[in-house]
Amino acid sequence: MKLLRRPIMLRARQRVIATAKEVLRTRSDRYSLLLRARLGQPYVLLGKVSVVVPSYNVEEYLAECLESIRMQSYPDLEVLIIDDGSQDATRRIALEFARRDRRFTVISQQNQGLGAARNAGVACASGDFIAFVDSDDAIPRDAIRRMVEMISSSGSDFVVGAIERWVDRSRWR
């Protein structure tokens with residue numbers, strides 16, 4: 001998984017720190033604060049993360065991938081699932097997640113390959129950060145939070161998460 005800082009946002013926005021008594025201007029910021037309060041998180045708005053998930057014929061893995069993103073401890077997410085012309089149930093699974101969680105959006109296109117699918121996701125992203133998660137991967141519950149904290153505190157332009165390869169649920173390769 002990679003997390004990139006959007007170059008345009010790097011100059012245009014800075015970290016916003018808000019207290020519980022401050023009233024924020026946009027509905028999405030108020031929603032983020034309320035969600036953070038419910039999760040017991042501090043009132044620090046580090047930025048919205050757009051998670052781009054390119055998918056092509058991955059019905060076997062997609063539900064686990066999307067569920068791992070849905071369960072992230074970082075609440076300010078938008079998830080863009082790019083269906084790259086799948087011929088299996090990938091689109092149906094993605095649409096089901098989008099129906100259940102308003103943070104998920106499905107974008108369909110004809111099969112153009114992984115690079116084009118990622119580019120389509122970046123073009124539709126509205127977050128301050130962009131994360132790429134492959135559709136056959138599952139990520140730890142706090143992965144995005146830790147990556148956003150690291151990129152925010154270090155001033156880096158990107159961070160990359162480590163991977164572990166599993167043969168099955170009980171054996172690591």
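## Around Ile69

In this predicted model, Ile69 touches Val51, Val53, Leu77, Val79, Phe104, Val133 and Ile139, leaving out residues up to four places away in sequence.

## The nonpolar cores

Ile69 also belongs to the largest nonpolar core, which has 29 residues. Together with Val49, Val51, Val53, Leu66, Val133 and Ile144, Ile69 is among the residues touching the most other members. Two or more residues each come from β4 (49-55), α3 (59-70), β5 (77-84), α4 (90-100), β6 (104-109), β7 (129-132) and α6 (143-154). Helix α6 gives the largest share, with five residues.

There is a second, separate core as well, made of nine residues. Its members include Ile107, Ala120, Ala125 and Ile130.

Is Ser68 buried or exposed? Ser68 counts as buried because its relative accessible area is 12%, under the 20% cut-off.

Beyond its neighbours within four places in sequence, Ser68 is in contact with Asp137, Ala138 and Ile139. A polar atom of the Ser68 side chain lies 3.1 Å from the backbone nitrogen of Ile139.

## The whole protein

Stepping back, the protein has six helices and eight strands, arranged from the N terminus as β-α-β-α-β-β-α-β-α-β-α-β-α-β. Of its 173 residues, 43% are buried. Among contacts between residues at least 6 apart in sequence, 79% join residues at least 24 apart.

Methods:
Residues are numbered from 1 along each chain as its sequence is written. This is a predicted model: local features need pLDDT of at least 70, side-chain atom pairs count only at pLDDT 80 or more; totals for chains, interfaces and linings use all residues. Side-chain values use heavy atoms; hydrogens and water are left out. A nonpolar core is a set of buried Ala, Val, Leu, Ile, Met, Phe, Trp, Tyr and Cys residues joined through side-chain atoms within 4.5 Å. Buried means under 20% relative accessible area, exposed over 50%, partly exposed in between (1.4 Å probe, protein chains only). Helices (H or I, at least four residues) and strands (E, at least two) are DSSP runs, numbered from the N terminus. Contact means heavy atoms within 4.5 Å. A polar contact is a pair of N or O atoms within 3.5 Å; within protein, one must be able to donate a hydrogen and the other to accept it, and residues adjacent in sequence count only if both atoms are side-chain atoms.
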